[in-house]
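Visitor: I'd like to learn how to read a fold like this one. Could you walk me through it?

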Amino acid sequence: MPDLPDSVVETARAMTLAARRDTHPDSSALRSRRDSLLESYGYSARLRADDDGPVLICYPESWLEKGVFQPDQLESTANAVERPLFSDPPADGWDAIQAHNTELAAKVTREFGDTHGANAAAFGTYMANHHKVRVEAATAAAVDHFLSKYYPRNTWPPPAQAAVIESSIEKLFAVAGESYPEPVDTDNR
């Protein structure tokens with residue numbers, strides 16, 4: 001059982017998410033505050049890339065020596081805490097996820113036109129069907145797979161629509177109030 005209160009874990013999670021999204025005026029200072037908070041409990045943090053998005057891992061500092069993991073210091077993985085950066089899927093499941101993604105695509109259509117809206121809808125359906133998450137939880141790997149594999153094989157868009165797909169996805173994230181997903185930086189960020 002970790003000696004880390006849930007409130008501290010959730011605060012560290014929120015700080016990490018804000019720093020990654022660059023929604024805080026000083027992301028570097030926010031990371032430092034998160035690290036100081038965790039240090040006060042004898043913990044450190046890092047991010048792990050996962051199929052469903054980045055995961056914050058809080059683990060005892062005793063597992064490290066000069067910043068390097070020491071397997072012999074690992075007594076039990078029960079001392080670590082993992083939290084996905086993005087919230088869990090809604091309790092009412094896939095239908096709620098698809099409805100949310102469809103509504104975001106409709107907003108893209110209203111703001112940017114049918115072509116971008118059709119691309120946003122295709123991405124929303126892909127995220128709901130293949131990852132079972134809202135578009136906001138998309139990882140860089142999921143976007144890359146969508147663009148390189150799923151979109152050309154399953155959507156068969158007209159050339160004009162295919163030409164703007166990346167712009168459409170960027171507009172979708174903007175409408176959702178999220179940054180375009182970047183690859184996870186796993187060096188303790």
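Visitor: Which strands does helix α2 lie across?

Guide: Helix α2 (residues 27-39) lies across β1 and β2, running at about 130 degrees to β1. Axes are lines fitted to C-alpha atoms, for helices over the stretch in contact (heavy atoms within 4.5 Å), and angles run from 0 to 180 degrees between N-to-C directions. Helices (H or I, at least four residues) and strands (E, at least two) are DSSP runs, numbered from the N terminus. This is a predicted model, where local features need pLDDT of at least 70, side-chain atom pairs count only at pLDDT 80 or more, and totals for chains, interfaces and linings use all residues. Residues are numbered from 1 along each chain as its sequence is written, and side-chain values use heavy atoms, leaving out hydrogens and water.

Visitor: In what order do the strands form the sheet?

Guide: Two strands pair if DSSP finds at least two bridges between them. Here 3 strands make an open, antiparallel sheet in the order β1-β2-β5. β1 (43-48) and β5 (81-84) are the edge strands, each pairing on one side only. Between β1 and β2 (residues 55-60) there are 6 bridges, and Ser44 stands opposite Tyr59 in β2.
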